[in-house]
Amino acid sequence: MLRFRNTLTGKIEEFQPLRAGEVRFYYCGPTVWDFGHIGNFRSAIAADIVRRYLKFKGFKVTHVMNITDVEDRIIAKSQEAGLSIDDYTAKYIEALWEDFDALGCERPEIVPRATRHIPEMIDLIEKLLQTGHAYQSEGSVYYRIASFPEYGKLSKINFAGNIAGASDRVDTDKYEKEDARDFALWKEPANANEPAWDAPLGRGRPGWHIECSAMSMKYLGETFDIHAGGIDLVFPHHENEIAQSEGATGKQFVRYWIHFEHLKVDGETMSKSKGNYYTYRDVAAKGYSAGAVRYFLLSVPYNKQINFTFDALGGAEKTVVGLRDFRARLGEAKTTPGLNDVLHQAAVLAAAEFEAGMDDDLNTSVALAVIHNLTRVVNTALARKKLQEENKRELLELLERFDSVLNIFGVEQHEMLDSEIQSLIDGRQEARRRRDFGRADEIRDELAGRGIILEDSKDGVRWRRKQ
Ligand SMILES: [Zn+2]
């Protein structure tokens, strides 16, 4: 029974989709003004786990992740660079997918871009104007929070009294509003150079919050199952999404809200000014593998803060190499026919414990511990040559099933084992003996591509790993 913490109710709840067997899931995706940082990828990987585990449980998943490609930073940066917002964001959208793929995230079914859904946003704003949830002022349109008494039900913030400035994300901007809490749905451009769209509301551009309401309801319906994002989005972004969507439809917008906790660096909030700000690319450039980054980010459950340190990442790197070597050794191990019952019981127990851990609010640290326990038992059996043919098949299948959720064994090619390298070298010697120098060179190149350098000497061929 899959359960997770629903921010809306504040309780751990059993998950039941609206339509049996199907899950409609929206994740607030990136703003493509720069390369993604490791905190962004903590969220992206947590969303990937939600998606993968729902599939593991047998649900058909429709996962939508938006790309915010118009907002203040993008406008400022693109103007600095003298580019259109499309030309400016193209590089970061391409980089997003490179990083996303490298980190082993499955691509969502639908990835709508804000700039491609302006008409849907305009429609929604018009509906809010008609129902009295919005008003026009000085060329912009604002949401009237006083019209939605449930405002605050997600964040549980008490809005009695003056809340202007209660959060630096409250939209206390230069526009004319009835109430300081009201937020912009549509903004009049500040100058003629700002990107803007023609609309019956007047020429302008959408606020950030309206895009997620418009795009999620377009692809998932007026009421859908799961909405997820970083915990910093609870207020005001998700609170505003609820006000917009429920204001327009009169129906419940989302049934389960899941929020991913913060990532800290050396115990502090990551920020460019503190010098502790890392994109995924910065970390990769220091020589850490994507597999290690993913493993590290999964080592703490999504509902707890994670503290990023390079020491911890180095530890994750060793762990991942160890796990991949384990799987390779298991795959190569010689077996006797039949089934060893002790190992079979260990596999059955691991499968049950893995699922129990993941069912319990997607606890990835329990899931990883289950895998480590299993490797210890199997390693002992391997050392004693107790592995039997049916155990080997069962265990390899089980690892594959675990990896359909965690994707830690498969993020990159495993490091080649000495035995694999030696067999390729033998094949190359054999090719040379039959004067098939083309094949011999191919093998040398293949090894070089995996970081293995060959050195011919009078005692035969020696090899070393490239440092
Ligand atoms: Zn959003």
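Select domain 1 and domain 2: their centres, taken over C-alpha atoms, lie 33 Å apart. The domain assignment places domain 1 at 3-260, domain 2 at 268-406 and domain 3 at 418-465; such bounds come from an automatic or database domain assignment. This is a predicted model, in which local features need pLDDT of at least 70 and side-chain atom pairs count only at pLDDT 80 or more, while totals for chains, interfaces and linings use all residues. Residues are numbered from 1 along each chain as its sequence is written.

**The whole protein**

Zoom out before going further. The C-alpha trace spans about 85 × 50 × 35 Å along its principal axes. The protein has 14 helices and 15 strands, where helices (H or I, at least four residues) and strands (E, at least two) are DSSP runs numbered from the N terminus. Of its 467 residues, 37% count as buried. A residue is buried if 20 or more other C-beta atoms lie within 10 Å of its own, exposed if 12 or fewer, and partly exposed in between, with C-beta atoms placed from the backbone.

**Where domain 1 touches domain 2**

Go back to the two domains: 23 residues of domain 1 are in contact with 24 residues of domain 2. Contact here means that the C-beta atoms of two residues, placed from the backbone, lie within 7 Å. On the domain 1 side, the elements giving two or more residues are β1 (3-6), α1 (38-56) and α3 (85-102). The largest share of that side, eleven residues, comes from α1. By class, the domain 1 side holds 14 nonpolar, four polar and five charged residues. Ala, Val, Leu, Ile, Met, Phe, Trp, Tyr, Cys and Pro count as nonpolar, Asp, Glu, Lys and Arg as charged, and the others, Gly among them, as polar.

**α1 against α8**

Select α1 together with α8 (residues 290-298). The two helices pack at an angle of about 75°, and their axes are 10 Å apart. Axes are lines fitted to C-alpha atoms, for helices over the stretch in contact, and angles run from 0 to 180 degrees between N-to-C directions. α1 and α8 are therefore roughly perpendicular to each other, a term for angles of 65 to 115 degrees. Show the side chains of F41, R42 and I45 in α1, which meet R294, L297 and L298 in α8. This contact has four nonpolar, no polar and two charged residues.

**Along α3**

Next select α3. Its 18 residues reach 26 Å from the first C-alpha to the last, close to the 26 Å expected at 1.5 Å a residue; the expected span is 1.5 Å times one less than the number of residues. I85, Y88, T89, L96, D99 and F100 are buried in α3. What covers these buried residues includes α1, α2 (72-81) and α7 (280-285). D101 also sits in α3, but with 13 C-beta neighbours inside 10 Å D101 counts as partly exposed. The C-alpha atoms of D101 and A290 are 9.6 Å apart, although 189 residues separate them along the chain. After α3 comes G104, whose phi is positive, near 75°.

**α4 against α5**

Last, select α4 (residues 118-130) and α5 (residues 208-220). Their axes come within 9 Å and cross at roughly 105°, and the two helices are therefore roughly perpendicular to each other. E120, M121, L124 and I125 in α4 meet I210, E211, S213, A214, M215 and K218 in α5. By class, the contact of α4 with α5 has six nonpolar, one polar and three charged residues.

Definitions and conventions
Parallel < 35°, antiparallel > 145°, perpendicular 65-115°, else oblique.
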